[in-house]
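Hi,

Here is the structure I promised to pass on. Have a look at it first, and then read my notes below.

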Amino acid sequence: MTFCKKLSPFYNLAIFYFSISFILRIVLIFHPITQSSFSIVESIKIFSLGLFSDFFVFIIASFFLWLYLIFLSESKYTAPYGYVILGFFVLLLLYAASGKSVFDEYGGALPKIVLIFIGLKTILFAVFLFFPKWRIQLRFWLFSFVIFLYVLLILQNGLSEYFFWNEFGVKYNFIAVNYLIYTNEVIGNILQSYPVIPIFSALFLISGIASYFIIKNSKVYINEIPSFVEKIKISAVYICLFIVSFLAIPTLAKTENSKNVFVNELQSNGLYKFYLAFQNNKLDYFKFYKTLSAQEAFTILQKQFPNISGENTIQKISSDSLESRKNVVLITIESLSADFMKTYGNQENITPFLDSLSQKSLLFTNLYAAGNRTVRGLEAVTLCLPPTAGESVVKREDNKNKFCTGAIFKQKGYNVKFMYGGDAFFDNMQDFYSGNGYEIIDKSSFSPEEITFSNVWGVCDEDMYNKAIKVMNGEAKQKKPFFNHIMTVSNHRPFTYPNNKIDIPGDIKSRDGGVKYTDYALKKFFNMAQKQPWFNTTIFVIVADHCASSAGKTELPLDKYRIPAFIYIPNEKPEKCNKLMSQIDLMPTLFGLLHFDYRSKFFGQDVLKPSYKPRAFIATYQDLGLIKDNVLTVLSPKKEVKQFQLKLDSKESVASDFQIDYDQTLLKKQKMNLVNETISYYQSASFLLKEKKYQK
């Protein structure tokens, strides 16, 4: 057996992996969400450096294959070695089954997984030892299973990367790591969104066919198992490549530095991106981002908040009018991009009720979402502070007893509730809201007769609103004002909802249908609410949690953060606020309309006050942005700072107040006043959270 043939399992699998990666890149380049064209140089970079990344990642990923192959041997079954090894496996099995092993200290499923693995190894070794006639055949089937497993995982990963791109326009990121935690909702979403049986049937069929050819060209390894010396040589080659790969992968990642985000994403390796996201789900601002001295950061912040002093944001908010104790209903709508609405240029008429209601409300035409996930939207309207690096505060361990909108309402004697049609366990919402004084109404609060339709995310919006009306009718009888925060679920993949409600059937899984049904359900809610005695003394705040998609040519594409928001006050004349503002400003503005007097720690401001200075915060889990004076300043890990000049890309069919598209040109000379202001906001917010100074 030549040395080349000894490596046949590795290089045959590698060729298959490279082929799948190449096909995937081609498919993603021509995917509708990839809103970009690529030069010849960019294309060469995507495929050449991408291939190198794939090669080195494959070397790391084939560690278990190397481990399996290197321990294939005939000599270990000869006496007395075979009996000694079997005895060792039996003792190890007894240790794992004792309930007092080191694995039991970790709890969870780990002890069972280890026990099953050792048990199978023990049984298989015994069969190989005592039934030598079966040894060759069994070894072949085990070898085939290992190859099939690798082929299946390669194909499964390619499929997963495609569907993730289809949803978010990027390779694996922080969201993919989160999805591992909430497997019930995510797997359920996949089952309801895609034709799973045909997809997985095809997946297993293709895996079987590919495995057949790879096994056929690689089985020489088990037919002529390498000698000990040959295995040393194979191991020497593999270990050298492993070490080189360990160093090369992060080095290649540094070449993902194009101004076009799609080039970087397509060049990257999805598995390594997943690893990076897993490692960076917690980002210490002071370790990874550019900083100022604490004194300088808060001095700059004081220019925005003249009434604060020291290293805090405490300020007295006063009104010269009598406080109002109107009820407040805050509705955060899942994935409602601004461009779904007619006023922002949509011609499909999928939000007729929201379009009409916005014209009767205080309409904020220039408001930006803080992030691109539901937890960021909830954080923004609840805590009213900039989106800090890493995981949302909603999902952190230290997420309780924060200074929040619910705390202000409680101070004023309100009943405070968070209402969600799904399981509030998802995204840690129950822990966060209950830990901040909210009463939780979620799917578990519904009786069977209250549920007419549900999918993996929860009951349909109509059912949620019906429940909300019942709850609010009960609250109104208590002679106390109420603040109820409702989070919708229907405008989310798989976009299923009850049939015969709108002109788009609920079982065709259409995003336009999801938006239109969400609008329809909201109209029904208002029709019901108008008949209730509490309606005319209630203020309705309506805002999206984030946009439907976050993919764009830049790290922070502005059009993917623009969301609709308005405050409807029955019997009040409509107004329009065109000031640039952030999602975190919505509730402080509402408190201003209610003329609340309170001591505030909020970074969010009342945008209707003459002292307000327009700016907006937008962020991913690691890129932190500030929009101000037609400049976008972005702080990134490794203490990087970028600035982009913003130039409006007007559409003739859209009114000037509702234009959302901007060209972003990288500034060669940075505007340091805006850089320092951006740092002061994000650094001070991170400092207050870290030092537990943002408590109520």
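This is a predicted model: local features need pLDDT of at least 70, side-chain atom pairs count only at pLDDT 80 or more; totals for chains, interfaces and linings use all residues.

What follows is a run through what I found, from the whole chain down to single residues.

**The whole protein**

The protein has 696 residues, and its radius of gyration is 29 Å; that agrees with a compact globule, because a chain of this length would come out near 26 Å. Along the principal axes, the C-alpha atoms fill a box of roughly 95 × 65 × 50 Å. There are 24 helices and 19 strands to find your way around. Of the 696 residues, 56% are buried. If you take the contacts with a separation of 6 or more, 73% of them are between residues 24 or more positions apart.

The crossing is right-handed. On the helix 2 side the contact includes Phe10, Leu13, Tyr17, Phe18, Phe22 and Arg25, and among their partners in helix 3 are Ile46, Phe47, Leu51, Asp54, Phe55 and Phe58. By class, the contact of helix 2 with helix 3 has 14 nonpolar, two polar and two charged residues.

Next come helix 4 (residues 63-70) and helix 7 (residues 135-168), whose axes are 11 Å apart and pack at an angle of about 175°. That angle is why helix 4 counts as roughly antiparallel to helix 7. Helix 4 brings Phe63, Phe64, Leu65, Tyr68 and Leu69 to the contact, and helix 7 brings Arg139, Leu142, Phe143, Val146 and Tyr150. The tally there is nine nonpolar residues, no polar ones and one charged.

Helix 21 passes helix 22 in a right-handed crossing. From helix 21, Asp461, Glu462, Tyr465, Asn466, Ile469 and Met472 take part; from helix 22, the residues include Tyr517, Tyr520, Leu522, Lys524, Phe525 and Met528. Sorted by class, the contact of helix 21 with helix 22 has ten nonpolar, two polar and three charged residues.

Leu152 is found in helix 7. With a relative accessibility of 14%, Leu152 counts as buried. Which residues does Leu152 touch, not counting those up to four places away in sequence? They are Leu203, Phe204 and Ser207.

Met419 lies in strand 5 (residues 415-420). Its relative accessible area is 0%, so Met419 is buried. Leaving aside neighbours within four places in sequence, Met419 is in contact with Ile441, Met464, Ala468, Val471, Asn484, His485, Ile486 and Met487. Thr488 is 69 residues from Met419 along the chain, yet their C-alpha atoms are separated by 8.7 Å.

**Backbone details in the loops**

Most residues other than glycine have a negative phi, and most peptide bonds are trans. The peptide bond joining Arg493 and Pro494 is cis, with omega about 25°. Pro494 lies in the loop between strand 9 (482-487) and helix 22.

Lys509 is in the loop between strand 9 and helix 22 too, and its phi is near 60°, a positive value in a residue other than glycine. Is Lys509 buried, partly exposed or exposed? At 33% relative accessibility, Lys509 counts as partly exposed.

Asn428 also has a positive phi, near 65°. Asn428 sits in the loop between strand 5 and helix 20 (429-434). Its relative accessible area is 18%, and the cut-off for buried is under 20%, so Asn428 counts as buried.

Cheers

Notes:
Residues are numbered from 1 along each chain as its sequence is written. Side-chain values use heavy atoms; hydrogens and water are left out. A crossing is left-handed if the near helix is turned anticlockwise from the far one by less than a right angle, and right-handed if clockwise. Helices (H or I, at least four residues) and strands (E, at least two) are DSSP runs, numbered from the N terminus. Contact means heavy atoms within 4.5 Å. Ala, Val, Leu, Ile, Met, Phe, Trp, Tyr, Cys and Pro count as nonpolar, Asp, Glu, Lys and Arg as charged, and the others, Gly among them, as polar. The radius of gyration is taken over C-alpha atoms; the globule rule is 2.2 Å times the number of residues to the power 0.38. Buried means under 20% relative accessible area, exposed over 50%, partly exposed in between (1.4 Å probe, protein chains only). Axes are lines fitted to C-alpha atoms, for helices over the stretch in contact, and angles run from 0 to 180 degrees between N-to-C directions. Angles under 35 degrees count as roughly parallel, over 145 as roughly antiparallel, 65 to 115 as roughly perpendicular and the rest as oblique.
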